[in-house]
Amino acid sequence: MHTLSVVTVFVTALLGALLVFAGLLNRSIRAPIWWGAAQIVAAAGLGLVAARGGVPNYLSIEIGNGLVLFGYGLTWAGARVFGDRKVPLPVLVVAPLIWILSCRLPVVAGNVNLRVAIVSAMLAMLAAATAMEFWRDRDEPLMSRGPIVTVLLAHAAMLVARIPVISVLPLVDNDTLMRSVPFALLAFGTLLYAVVMAFLLLTMTKERTELAHKIASLVDPLSGVANRRAFLSGSSRLFAQQKVDHEPLAMLLFDLDRFKEINDHLGHAAGDQVLQAFARSATATLGSDVLFGRIGGEEFASLLPVGDFGEAIAIADRVRRNFAEAAAHFSDRGLAPTVSVGVTLGLDAKTEVEDLLLVADEALYRAKANGRNRVEANAPDTDREAEIAVAPSIVPIMRARRVSAAA
């Protein structure tokens, strides 16, 4: 029993130091430092509990279990930090204080079985509360989150199970507790729990770091929308889906008008704000689930399924009008931010995204030449007649081959 307790304390403290070290290496995620501190504090508490008989009872029973409870509270706090939520520090000492005050009551101080039941119940509640904190952020795609919640709930269930076991097989005194089979099983379970939790917490931290790097590689840092790489990748998925749905895909190519003049007259900071304003306005108009990205400079693009060519043109013009209204406050001495749009349609799943961009770019060039702040559309097959309709449209039909929409 003693050897197992020593191993549990040593391994728990070592894992705590490893978690703290991992947190110091990656300062962008602070939670591992909390989890490491939790393991170290819990190891200290377990050490005092295991030293029962060799140290005063108030150290072994009150302080030892109080430190274990505090360690579980720190794990809960780390889960909140991982979820970017504030930690109410006074809450961390509630369970240890309740425990210490309970031990001052004669009915608790003289009953080892009642003490085991109380500390087990509080540890189980803290483990379940930690599982709940992790579960609250389940929308974040981290594979380790599910196993962590499962381990925490299983650990809580094991702690709760101690209560009926103690009622059926009551302990006679403190020495009986240290020599009992349930204590040995608890020590082994604690060791296994510490190892598995440390591994999963480190894995989840690594997953979040990798996810952040992946998102950073696919998001334009200025506008906050998809970059060219992400746009082309998303386009490939949409073309693959088109083979199944046989739904037309509209390519909308946007270019901010007179952007160089905006930078020259209003300053580059204002130019950046105009780009951000367009990204926000277009995203709000198109919807957050529509593929939309910045593909270079002041040029943006969107690829989305539509009913027909008229719907594509109507959507493009809605983006144009909404941006002109949203960016009106940037106007200065007749220089107002606007956007020109080129539109085309992909009907065939064999169509390449580069082909649609090229055809849409031709329409965009015409929009610029015809006065800017307008929508021009080119059918992908310029020999076809103007109107293309392969499915009922949700907007009024507009003519297609050389259709323009201007302010």
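Me: Which residues of the largest nonpolar core touch the most other members?
Reply: In this predicted model, the largest nonpolar core has 43 residues. Those that touch the most other members of this core are Trp-35, Leu-69, Phe-82, Phe-134, Ile-148, Leu-201 and Met-204.

Me: Which element gives the largest share of this core?
Reply: Two or more residues of this core come from each of helix H1 (2–25), helix H2 (31–50), helix H3 (57–82), helix H5 (94–103), H7, helix H8 (145–168) and H10. The largest share is ten residues, and the element that supplies them is H3.

Me: What length does helix H7 reach from its first C-alpha to its last?
Reply: Helix H7 covers residues 112–136, which makes 25 residues, and at 1.5 Å a residue the expected value is 36 Å. At the start of H7, a side-chain oxygen of Asn-111 reaches to within 3.0 Å of the backbone nitrogen of Asn-113. From first C-alpha to last, the helix is close to what is expected, reaching 36 Å.

Me: Which element gives the most to the lining of the largest pocket?
Reply: The largest pocket, with a volume of about 330 Å³, is lined by 14 residues, and Ala-226, Ser-288, Val-290, Leu-291 and Phe-292 lie nearest its centre. At least two lining residues come from each of helix H10 (181–218), helix H11 (228–245) and strand S2 (291–296). With four residues, the element that gives the most is H11.

Me: How many residues in the lining of the largest pocket are charged?
Reply: Sorted by class, this lining has seven nonpolar residues and five polar ones. The number of charged residues in the lining is two.

Notes. Residues are numbered from 1 along each chain as its sequence is written. This is a predicted model: local features need pLDDT of at least 70, side-chain atom pairs count only at pLDDT 80 or more; totals for chains, interfaces and linings use all residues. Side-chain values use heavy atoms; hydrogens and water are left out. On a 1 Å grid over the protein atoms alone, a cavity is a set of points where a 1.4 Å probe fits but cannot get out, and a pocket is an open set with protein on both sides within 12 Å along at least five of seven lines; lining residues have an atom within 4 Å of a point. Grid points are joined across faces, edges and corners, and a volume is the space filled by probe spheres set on the points. Ala, Val, Leu, Ile, Met, Phe, Trp, Tyr, Cys and Pro count as nonpolar, Asp, Glu, Lys and Arg as charged, and the others, Gly among them, as polar. The expected span of a helix is 1.5 Å times one less than its number of residues. A polar contact is a pair of N or O atoms within 3.5 Å; within protein, one must be able to donate a hydrogen and the other to accept it, and residues adjacent in sequence count only if both atoms are side-chain atoms. A nonpolar core is a set of buried Ala, Val, Leu, Ile, Met, Phe, Trp, Tyr and Cys residues joined through side-chain atoms within 4.5 Å. Buried means under 20% relative accessible area, exposed over 50%, partly exposed in between (1.4 Å probe, protein chains only).
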